[in-house]
Every structure is written in structure tokens, then in C-alpha cells.
Amino acid sequence: MAPAPPRAASFSAAEVQRRLAAGDCWVRCGARLYDLTGFVRHHPGGEQLLRARAGQDVSADLDGPPHRHSANARRWLEQYYVGDLLGDPQDLVDWRKPILWQVGHLGEKYDEWVHQPVTRPIRLFHSDFIESLTKTVWYSVPIVWMPLILYLSWSYYRTLAQGNVRLFTSFTTEYSVAMPESVFPGLFVLGLFLWSLVEYVLHRFLFHMKPPSNSYYLITLHFVLHGQHHKAPFDESRLVFPPVPASLMIAFFYMVLRLLLPEAVGGTVFAGGLLGYVLYDMTHYYLHFGSPHKGSYLYKMKAHHVKHHFAHQKSGFGISSKFWDYFFHTLMPEEPHSKMQ
């Protein structure tokens with residue numbers, strides 16, 4: 001009598017996330033898990049295509065589009081089967097309906113659920129119009145904001161060049177400081193630097209707040225602000241801020257600077273900060289869909305950001321750089337990387 005086949009191994013979602021954070025490329029079909037780490041470089045569609053789907057259900061990708069995988073390809077995949085996923089939490093919502101109004105009912109299950117990524121499309125609102133305002137293509141960010149940055153920079157430089165801008169005049173006229181056009185580059189760079197801090201603070205304290213499990217509205221707010229991005233990290237239509245909601249935040253920061261500083265000074269700092277925002281959004285998109293050269297700065301930042309999504313959601317908040325993670329001691333713990341087969 002032939003011996004019984006060995007029992008399939010089982011892996012928790014946390015175990016799978018640890019392997020992803022270590023650099024492995026695991027995917028799943030339903031509850032079946034496959035370790036494709038040794039195959040990614042041989043994939044006909046390119047390594048990046050598989051890396052972008054690490055940790056996700058590829059059942060729909062096998063059926064196409066762009067093409068349906070053959071029976072031989074599916075048999076080939078079975079060589080990499082490693083076991084089954086335990087406790088798949090993805091069916092806590094009805095995916096056929098807009099889920100924004102459902103997530104608030106998840107309560108204490110929300111935090112675990114929102115950090116289990118999916119590849120399926122997410123619909124937030126019933127209204128097609130409102131739904132469209134939550135999505136945008138990546139290139140809308142430079143198209144909308146770069147002309148404004150150039151206009152503000154040119155306009156406020158000309159104002160500074162007139163030589164009648166002084167700092168601290170609201171407190172004293174005797175000790176006010178003249179602001180010639182030579183300070184323009186310094187003010188602009190200051191804006192870039194301040195944006196890097198705003199980026200970190202927003203990401204850490206607003207986007208990664210843990211809403212109380214008994215607060216329907218705070219859970220819903222968290223999901224629309226950032227939770228939906230962690231739930232569907234490769235939804236390219238929601239990787240950058242859509243211009244309409246972004247304009248509200250940008251207008252707020254502009255008004256704050258106008259209240260605190262002379263118009264030309266605050267406006268120059270604002271223009272630098274706005275450029276920092278554009279660079280941040282473009283960097284964020286590239287970290288999800290770009291293929292940086294191995295060993296480059298962006299390659300390291302991409303690995304850093306992937307770990308943030310799949311293993312260390314409570315650390316590694318820097319997107320453009322790790323500077324503030326170093327400063328505030330929120331770097332991710334170092335982990336040994338699995339060797340590529």
C-alpha cells in the first residue's frame with residue numbers, strides 16, 4: 001500500500017507577511033500558497049510583474065487578461081506550492097457593494113483586515129461622480145501643480161526683487177529684517193525641507209492612527225484617508241492624491257503660511273513645499289510600479305516601502321527618504337534577507 005501523501009503545510013497571514021518582508025515572492029490562488037522566489041527572474045512577463053503581486057491572489061491573473069495561462073503553465077506553478085493560508089479574512093465585507101460604509105462595522109477586526117492586501121478593485125462610493133473624484137492617473141499631479149509652482153516662484157521672486165519685503169514687521173519696525181531676492185533659493189529649499197516633515201507627520205499620526213474599535217466614523221475616516229491604500233496597494237488609480245481633495249489640503253497650508261509670514265516669504269516657502277509634495281507623490285507611485293536599478297537609492301526605498309506595507313505598518317513612515325525615521329527612531333527592525341534561489 002502506497003504511503004499517504006504528506007499533509008500540506010499551513011501558514012498564517014502573519015507568517016506570509018514575514019516572508020514577504022524578507023524578500024521572498026509568495027503568491028496565492030485562493031488559499032493555496034506558492035513560493036515563486038526562485039522563479040521570478042525566469043518569468044516570461046518579467047520579474048517586476050510577479051514582484052508587484054507578491055502576497056496577493058493571482059487567480060484572476062491566471063485567467064487573464066491580458067492572456068489566459070495554459071494548462072502547462074498551471075502545472076508548472078504547482079511545483080512551487082508550499083501550503084495553505086490559514087484564516088483568510090478577506091470576506092468580512094461584501095465586495096459587490098461599495099465598501100466604505102461597511103468597514104466601520106468591522107470593529108476590532110478592522111486593523112488586521114485592512115493590512116491584508118488584495119488585488120481586486122475597490123469601490124468606495126455608490127455615486128459614480130464621487131467615486132471618480134477618488135481616482136486619478138499619476139501624471140495629473142505634475143500637470144496640475146507644476147504650472148502653479150512655476151507661476152508662484154516667478155511671481156514671488158519678482159516681489160522680493162523689488163526690495164520692499166521685510167520680516168517681523170508685525171512685531172517691530174526697528175528690528176525688522178530685509179528680504180532681498182538673494183534669499184529666494186534658501187526659502188524655497190526651506191519649503192522642500194518642511195514638506196518632508198509634513199509628509200512624515202501626516203503619514204505617521206494621521207494616516208496610521210489606529211481608530212477605536214467602537215468608532216464607526218473614525219474607522220471609516222481612516223479607511224478613506226489611507227486604509228484603502230493598504231488594502232489595495234497596487235491600485236494605480238489611487239496611488240497619488242486626486243487634485244480635488246489634494247487642493248483642500250494645499251489651500252490649508254497656503255493660508256497658514258500667509259497668516260504667519262509676509263506674502264512673498266510665505267509664498268516662496270509654499271512653492272518649495274508644493275514641489276516637495278509633487279516629488280513625494282511621484283516617488284510614491286514609482287516605489288509601487290517602478291523598477292529601480294539594484295543598489296540604487298530608489299531600489300532601497302522601494303524595499304523599505306514594501307516592508308512597510310507587508311510587515312511593518314507601524315514603522316518606516318518616510319516615503320521620499322528615511323531622514324525623519326532616523327530622527328524619531330521609527331526605522332524598521334533589520335531582518336536577514338532570504339537568498340535568491
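Modeller: The count comes to 11 salt bridges, where a salt bridge is a side-chain nitrogen of Lys or Arg within 4 Å of a carboxyl oxygen of Asp or Glu. The model is predicted, so local features need pLDDT of at least 70 and side-chain atom pairs count only at pLDDT 80 or more, while totals for chains, interfaces and linings use all residues. Residues are numbered from 1 along each chain as its sequence is written, and side-chain values use heavy atoms, with hydrogens and water left out.

Side chains of opposite charge can pair when their charged atoms come close. Take Asp57 and Arg28: their side chains meet in a salt bridge at 3.7 Å, N to O. Asp57 sits in the loop between α2 (47-51) and α3 (59-63), and Arg28 in strand β2 (residues 26-29), so the pair ties together parts that are 29 residues apart in sequence. Helices (H or I, at least four residues) and strands (E, at least two) are DSSP runs, numbered from the N terminus. Arg28 is buried, at 8% relative accessible area; Asp57 is partly exposed, at 22%. Here buried means under 20% relative accessible area, exposed over 50%, and partly exposed in between, with a 1.4 Å probe and protein chains only.

Next, Arg123 and Asp128. Their side chains form a salt bridge at 2.5 Å, N to O. Arg123 is partly exposed, with a relative accessible area of 33%. Asp128 is exposed, at 57%.

Then Glu131 and Arg238. The closest N and O atoms of this salt bridge are 2.6 Å apart. The pair links distant parts of the chain: Glu131 in helix α7 (residues 128-133) and Arg238 in the loop between α10 and α11 (243-260), 107 residues apart. Glu131 and Arg238 are both buried. There is also a network: salt bridges that share partners join Asp94, Arg96 and Lys97.

Now helix α10 (residues 216-231). A straight helix of 16 residues would span 22 Å, but α10 spans only 18 Å between its end C-alpha atoms; the expected span is 1.5 Å times one less than the number of residues. α10 bends by about 60 degrees at Val224, the bend being the angle between axes fitted to the seven residues ending there and the seven starting there. The buried residues of α10 include Ile219, Phe223, His226 and His230. Their cover includes α5 (100-103), α6 (110-114), α9 (184-207), α12 (263-289) and α13 (297-310).

Leu190, Phe193, Leu194, Phe323, Phe327 and Phe328 form a nonpolar patch with about 550 Å² of accessible area together. Patches are made of residues with over 30% relative accessible area and no salt bridge; like charges are joined within 9 Å, and nonpolar side chains (Val, Leu, Ile, Met, Phe, Trp, Tyr) within 5 Å. The largest share, 3 residues, comes from α9. Leu194 lies in α9 and is partly exposed, at 35%.

Finally, the whole protein. It has 14 helices and 6 strands. Of its 341 residues, 44% count as buried. Among contacts (heavy atoms within 4.5 Å) between residues at least 6 apart in sequence, 68% join residues at least 24 apart.

Methods: Accessible areas come from the Shrake-Rupley method with a 1.4 Å probe; for residues, only the protein chains shown count as cover.
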